[in-house]
Structure formats: C-alpha cells, structure tokens
Amino acid sequence: MSTERPDPAVTSAVDPLVPPSVPSRRTFIAASTAVGGAVAAGGLVAGSPPLGAEAAVAAEAAPGSRVSLTVNGVRHTVAIDNRTSLLDLLRERLGLTGSKKGCNAGACGACTVLVDGRRVNSCLTLAVRLEGTEVTTIEGLEKGDRLHPLQQAFIDQDAFQCGFCTSGQIVSGVGCIQEGHTGSPEEIREWMSGNLCRCGCYVKIGRAVEQAAGRK
C-alpha cells in the first residue's frame, strides 16, 4: 500500500488525507476572486455617484447674475446663468427668434445683432457682459408697418432663397451702412464677408446693401 501523500491541488475537498482547515489552491483562488469582485462592485456602487449626478450638481452650483439691457427699445431685467449667450437670452428668454442659431461658433453670421450700434455675433457674446447696453435685432428694424430700407431692398433685389441667413445678413448690412463701408461693391463684399449664405445669393445681397445705402 502506497504511503505517498496526494497533491492537495488535485485532491477533492472531502479527501480524508487533506486537512479540512487547509484550502486547496483552486479553492483559494476562486474564493479570492469572488471576494475581490464583490468588494470592487460594492465600492463602485457605494463610492461612485449616479450617472449625471455630477453634472446636475455643477448646474445647480453655476453662478448667476441679474442683467438689465434694452432690446429693440424695451428695457429687460433678467436673472441668468453667467454662461448664457446673448443669442440664447434673445431666443429662449425673450422670445426673439429672428436671430438664428447656425454654427453656434461665430463662423456663419446668422446670429448677428447690433450692440450699441456695432455688429456682434450673439452666439459668442456673454449676456452678463451687456449691462446697460442697447441691443437691436432683426425684429427691431421695422418701424410700425414700415420696413427698414434694407429689408425692403432685400425684397426688391430678391436677395434671399432659403431665408435662414437673411436676418443676420440684413442686420450686418445695416451695420455695414452705418459704419460707412459701402464705397464700392468690393468694399461691401469685404465688410459683409463674415455672413455666409449657403444658397449663394451674395451678388444680390451686395446689390441690396448698395440700394439701401443710396448707391443704386
């Protein structure tokens, strides 16, 4: 009869030759893996915030301010998140949707408005910085039932197609005229170059600006 002690790694847990207090290597590895997984899972559940919780907390803690500005002749005082753009204030809070959100990166000019008479891309302008300013949007150009001369010129010259960029083009054209940059078609094109028209109505837009400026 052999007296050789069997290898604990291959001996059953009920083998009488293996002391019950000494776990086999397989048993030890399996138990360690199970415990480690449970600890990791428990740590994930207990230590990690729910999905989106951090964003919600950050949104609640966002600094805000009150800003007073005049838009199209009407005084507004609103409480806003300091990150609010002028474009979002106009569209979402004041209901002035004529200024369009195109690229939302200051590259297309569809959101152009006048701030104290100067052209700005409202998508890149923080509303909180406009305390006490006067803002003019496309809705503020018309006087009663009478269109602004440039609005009428756009109709006369058929200077639009899909119309998405038109409000920004007109407001930018008004600024261009007020700044005195209408000496020639080339000058108009240069100073209107920040406003893109995907339909390609640039020639007619230039003619409309010329007409409103009194050059046609």
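Which residue with a positive phi follows helix 5? Select Gly180: its phi is near 80 degrees.

**Ground rules.** This is a predicted model, where local features need pLDDT of at least 70, side-chain atom pairs count only at pLDDT 80 or more, and totals for chains, interfaces and linings use all residues. Residues are numbered from 1 along each chain as its sequence is written, and side-chain values use heavy atoms, with hydrogens and water left out.

**Whole chain.** Show the cartoon. The protein chain has 7 helices and 5 strands (DSSP runs numbered from the N terminus: helices are H or I, at least four residues; strands are E, at least two). From the N terminus the order is α-α-β-β-α-β-β-β-α-α-α-α. Of its 216 residues, 32% are buried (under 20% relative accessible area; exposed is over 50%, partly exposed in between; 1.4 Å probe, protein chains only).

**Helix 5.** Select 166-178. The 13 residues should span 18 Å at 1.5 Å a residue, and the end C-alpha atoms are 18 Å apart, so the two agree (expected span: 1.5 Å times one less than the number of residues). Helix 5 is mostly covered, with 11 of its 13 residues buried. Among them are Thr166, Gln169, Ile170, Val174 and Cys176. The buried residues of helix 5 pack against strands 3 (112-115), 4 (118-121) and 5 (134-136), and against helix 4, helix 6 (185-191) and helix 7 (202-213).

**Cores.** Next, select Leu141, Leu150, Phe154, Ile170, Met192, Ile205 and Ala208. Within the largest nonpolar core, of 19 residues, these touch the most other members (a core is a set of buried Ala, Val, Leu, Ile, Met, Phe, Trp, Tyr and Cys residues joined through side-chain atoms within 4.5 Å). Helix 4, helix 5 and helix 7 each give two or more residues to this core. Helix 5 gives the most, with 4 residues. Another core lies apart from it, with 14 residues, including Val67, Leu69, Leu89 and Val113.

Zoom in on Ala208. Leaving out residues up to four places away in sequence, Ala208 touches Leu150, Ala153, Phe154, Gln157 and Ala159 (contact: heavy atoms within 4.5 Å).

**Surface.** Finish at Phe160, in the loop between helix 4 (149-156) and helix 5. Its relative accessibility is 35%, so Phe160 counts as partly exposed.
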